[in-house]
Amino acid sequence: MTEQRGDTAEARSADSVLPPDRWQDGRRWGGALVALYVVLALLPVGLAFALAPRPAGPFLLELARLAGLLGFALLALQVALSARIRVVDAPFGLDVVMRLHERMAMVAGVLLLAHPVLLAFGAHGWGLFRLGAGWRVNLGQAALVLLVLVVLFALFFQRLGIEYQVWRVGHKAAILVVVVGFVHSMAIGSNLRHAGMRAYWWLLLVMAVGLFVFRNVFVPLWGRRRFRVAGVEQETHDTYTIKLEREDGRPLAHRPGQFMWLKLKRPGRPSEEHPFTISSSPTRQPPLTATIKESGDFTNTIGRTRPGDTAGIEAPYGRFSLLHHDPEVFLFIAGGVGITPILSMLEYLQDTGDERPGVLLYGNKTEDDIIRREFLDGLPENIRVVHVLSEPDEDWAGPTGYVTADIIREHAADVLEEAHAYVCGPPPMMDMVIGALRDLGVERRRIHSERFAI
Ligand SMILES: Cc1cc2nc3c(=O)[nH]c(=O)nc-3n(C[C@H](O)[C@H](O)[C@H](O)COP(=O)(O)OP(=O)(O)OC[C@H]3O[C@@H](n4cnc5c(N)ncnc54)[C@H](O)[C@@H]3O)c2cc1C
């Protein structure tokens with residue numbers, strides 16, 4: 001349905017539109033961030049040991065205090081993990097950072113729940129859980145109840161039928177747990193009588209509240225780049241490409257395969273922020289494009305976007321890009337709208353005259369679901385494109401079914417030994433494909449994937 005943008009767009013020089021390849025992007029920066037996280041989380045435990053009076057109190061009491069200190073530090077650091085800071089995303093990818101955020105929420109929750117239980121067993125008895133235990137204890141109780149509600153809400157909102165956007169707003173209440181927990185621990189914690197510990201506690205609070213304000217006030221007001229919708233093209237019966245041009249005319253530096261947070265402002269429609277791949281190559285800006293499939297409340301309205309509508313964009317994010325690996329051979333495997341990051345990479349390879357060989361296995365239900373078919377079928381000979389259909393018409397002569405180990409072996413056996421594989425699609429398809437690649441001998445380090453879920 002669309003014209004081949006590759007024929008019309010004037011390719012820019014690749015270097016001028018890529019983010020500068022600073023040391024931040026590399027392993028050293030990732031290692032430094034991990035070390036910083038560990039130090040910040042464990043510092044209160046170290047300080048508590050260093051500053052504790054000797055001899056120490058009963059074992060369970062000491063354990064309770066350490067659980068409280070470590071739990072609070074991890075909780076404050078949760079804000080840093082969820083603030084979508086680009087220099088934190090750069091070495092890991094936002095999906096990895098958010099997975100750590102989810103896991104550490106459980107660890108902090110367990111530690112903070114263990115804190116009063118150990119205190120009760122250790123010395124103070126179950127009176128701690130009564131309302132009449134005094135305001136300082138009540139603050140701790142309130143923080144704990146709020147924390148449990150926030151964690152349960154995060155775990156079960158989908159099963160409770162609560163909308164994602166409603167959950168996001170509710171989840172912001174977690175900052176209250178940090179603030180109330182801070183006041184509670186400063187008011188009652190014996191370890192926090194020491195000036196060094198108090199200073200560190202203030203640092204954690206200022207960092208958490210500062211990042212919260214940055215994410216929820218600064219970014220919405222001033223942190224997004226302003227774009228205008230230059231065009232909307234229907235790709236298939238349920239997928240549209242939105243073309244966006246920056247208001248100041250400057251290109252947005254990104255790597256092929258990265259994604260953005262897009263907030264469309266359309267008259268009469270609610271303005272929501274959603275993550276979408278930048279489906280165009282950086283070499284083809286302007287425009288920058290997002291190719292979006294109708295799949296829910298917001299995306300179902302995407303076809304009603306009009307030229308002239310405005311958009312705020314936060315980008316680039318993610319590490320799903322061939323530029324991070326520089327392989328000799330490529331194996332792209334996509335399912336449905338999961339083709340979007342691969343489209344960006346393929347455009348990039350084409351525009352930079354890259355002649356390295358590659359295979360694209362692209363799974364869809366029917367021929368009508370294939371996104372940008374003309375572009376894919378017009379790719380240079382070094383990229384072999386194989387369409388795999390699970391519900392084809394009778395006259396379909398190509399491979400059928402899902403992208404399984406057999407399909408991969410049949411159509412990409414010659415590249416398996418060397419290729420880096422780039423996989424993106426619906427979660428069950430990705431699990432199956434990654435499992436199949438492993439069975440076929442492709443090492444984990446050569447498999448790169450992007451999940452459309454954060
Ligand atoms: C890195 C990444 C890249 C993506 N690229 C594309 C793309 O190129 N094309 C495309 O069509 N889709 C893409 N998606 C998926 C897209 O973000 C969701 O389809 C869209 O947000 C669904 O919103 P909805 O209101 O229409 O659906 P809903 O039915 O309301 O939501 C369905 C699910 O989408 C997720 N979701 C919804 N809103 C948000 C949000 N604001 N932030 C994060 N997740 C949310 C939640 O898991 C939710 O349960 C991408 C997702 C990610 C994480």
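Q: Which element supplies the largest share of the shell around the ligand?
A: In this predicted model, β4 supplies the largest share of that shell, with five residues. Both β4 (273–277) and β5 (288–293) give at least two residues each.

Q: What makes a residue part of the group that surrounds the ligand, and which are the closest?
A: The criterion is a C-beta atom, placed from the backbone, within 6 Å of the molecule. The shell consists of 24 residues, and the closest are T277, G296, F298, T299 and T340.

Q: How is the shell around the ligand divided by residue class?
A: Ten of its residues are nonpolar, nine are polar and five are charged. Gly counts as polar under the classification used, so G296, one of the closest residues, falls in the polar class.

Q: Which domains contribute at least three residues each to the shell around the ligand?
A: Domain 2 (225–317) and domain 3 (322–450) each do so. The protein is also assigned a domain 1, covering 23–221. Between the centres of domain 1 and domain 3, taken over C-alpha atoms, the separation is 42 Å.

Q: What is the strand order in the open sheet of six strands, and which strands are its edges?
A: The order is β4-β3-β6-β1-β2-β5, with antiparallel pairing. β4 and β5 are the edge strands, as each pairs on one side only. Direction ignored, neighbouring strands of this sheet are turned by 40° against each other on average.

Q: What makes β1 a partner of both β6 and β2?
A: The threshold is again at least two bridges. β1 (residues 225–236) has four bridges with β6 (residues 310–317) and eight with β2, so both pairs qualify. Each pairing is antiparallel.

Q: Why are β9 and β11 described as standing at the edges of their sheet?
A: That open sheet has five strands in the order β9-β8-β7-β10-β11, with parallel pairing. β9 (383–389) and β11 (447–450) each have a single partner strand, so one side of each lacks a neighbour in the sheet. From one strand to the next, the twist averages 15°.

Q: How do you know that β10 and β11 are paired?
A: At least two bridges are needed for a pair, and four join β10 (residues 420–424) to β11.

Q: Why is α6 called roughly antiparallel to α8?
A: Helix α6 (residues 135–156) and helix α8 (residues 174–188) pack at an angle of about 155°, with their axes 8 Å apart. Angles over 145 degrees count as roughly antiparallel, so α6 is roughly antiparallel to α8.

Q: In which hand, left or right, does α6 pass α8?
A: The crossing of α6 with α8 is left-handed.

Definitions and conventions. Residues numbered from 1 in each chain as written. Predicted model: local features only at pLDDT ≥ 70, side-chain atom pairs only at ≥ 80, totals over all residues. Domains from an automatic or database assignment. Axes fitted to C-alpha atoms, helices over the stretch in contact; angles between N-to-C directions. Parallel < 35°, antiparallel > 145°, perpendicular 65-115°, else oblique. Left-handed = near helix turned anticlockwise from the far one by under 90°.
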